[in-house]
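These are my notes from going through one model. I kept each entry to what I looked up.

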Amino acid sequence: MNGWFLAAAIACEVFATSMLKWTNGFSRLWPSLAVIAGYALSFYALSHALRTIPVGVAYAIWSGVGTAAIAAIGAMAYRQPVTPTMLVGIGLIVAGVVILNLHRPLH
C-alpha cells in the first residue's frame, strides 16, 4: 500500500511542478492554488509512504522520478531542448535510484 502512496506523491509533485510556469510568479490564482494543493498532497502522500519505506530510498525515488518526469514534460509540453548531457544526467539519476533500491542492510 505504501508504494501506492509513493506513486501518488510523485504524481502530485510532478503535477504541481509542471503547473509552476502557469502561475506567472504566483500572480494567477487558479494555477497558484493548483500548485499549492499539488505540493500539499504530495507531502501528505509521501509522509504515508514513509511509514514503511526508508526515508532515503523514498526520497531518492520521489525526487529522481519527479526530476526525470519534469524533464520529459519540459521537452514535450514546453519545447525545451534536451541535450545529450541532460540525458546522461537523467540516466545517472535513474541509476542512483536503482542502486538505492538494491540496497540490502547488513545486520
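**Ala71.** I looked up Ala71 and found its place in helix α3; helices (H or I, at least four residues) and strands (E, at least two) are DSSP runs, numbered from the N terminus. Ala71 counts as partly exposed because its relative accessibility is 21%; buried means under 20% relative accessible area, exposed over 50%, and partly exposed in between, with a 1.4 Å probe and protein chains only. I also checked Ala71 against Pro81, 10 residues apart along the chain, and their C-alpha atoms are separated by 9.6 Å.

**Source of the model.** The model is predicted: local features need pLDDT of at least 70, side-chain atom pairs count only at pLDDT 80 or more, and totals for chains, interfaces and linings use all residues. Residues are numbered from 1 along each chain as its sequence is written, and side-chain values use heavy atoms, with hydrogens and water left out.

**Overall.** I noted 4 helices and 0 strands in the protein, in the order α-α-α-α along the sequence. The C-alpha trace spans about 50 × 35 × 20 Å along its principal axes. Of the 107 residues in the protein, 27% are buried. I then looked at contacts between residues at least 6 apart in sequence, and 64% of them join residues at least 24 apart; contact means heavy atoms within 4.5 Å.

**α3 and α4.** Two packed helices are described by the angle between their axes and the distance between the axes. For helix α3 (residues 55–77) and helix α4 (residues 84–102), I read that the axes come within 9 Å and cross at roughly 155°. Axes are lines fitted to C-alpha atoms, for helices over the stretch in contact, and angles run from 0 to 180 degrees between N-to-C directions. The angle therefore makes α3 roughly antiparallel to α4; angles under 35 degrees count as roughly parallel, over 145 as roughly antiparallel, 65 to 115 as roughly perpendicular and the rest as oblique. The crossing of α3 past α4 is left-handed, a term used if the near helix is turned anticlockwise from the far one by less than a right angle, with right-handed used if clockwise.

Which residues make this contact? On the α3 side I listed Gly56, Val57, Ala60, Ile61, Gly64, Thr67, Ala68 and Ala71, and on the α4 side Ile90, Ile93, Val97, Leu100 and Asn101. Sorted by class, the contact of α3 with α4 has 9 nonpolar, 4 polar and no charged residues. Ala, Val, Leu, Ile, Met, Phe, Trp, Tyr, Cys and Pro count as nonpolar, Asp, Glu, Lys and Arg as charged, and the others, Gly among them, as polar.

**α1 and α3.** α1 passes α3 in a right-handed crossing. From α1, the residues Leu6, Ala9, Ile10, Glu13, Val14, Thr17 and Ser18 meet Ala58, Ile61, Trp62, Val65, Gly66, Ala69, Ile70 and Ile73 of α3. By class I have 11 nonpolar, 3 polar and 1 charged residues in the contact of α1 with α3.

Is His48 buried or exposed? His48 is in helix α2 (residues 29–49), and it counts as buried because its relative accessibility is 13%. Leaving out residues up to four places away in sequence, His48 touches Asn2 and Phe5. Its side chain makes a polar contact with the side chain of Tyr44 at 3.0 Å; a polar contact is a pair of N or O atoms within 3.5 Å, where within protein one must be able to donate a hydrogen and the other to accept it, and residues adjacent in sequence count only if both atoms are side-chain atoms.

The side chain of Arg51 also makes a polar contact with the side chain of His48, at 3.0 Å. Arg51 sits in the loop between α2 and α3 and is exposed, with a relative accessible area of 61%. From Arg51 to Ile36, 15 residues apart in sequence, I read 24 Å, C-alpha to C-alpha.

**Positive phi.** Most residues other than glycine have a negative phi. I noted Asn24, where phi is near 55°, a positive value in a residue other than glycine. Asn24 is in the loop between α1 and α2 and counts as exposed at 53% relative accessibility. Arg79 has a positive phi near 55°, lies in the loop between α3 and α4, and is exposed with a relative accessible area of 71%.
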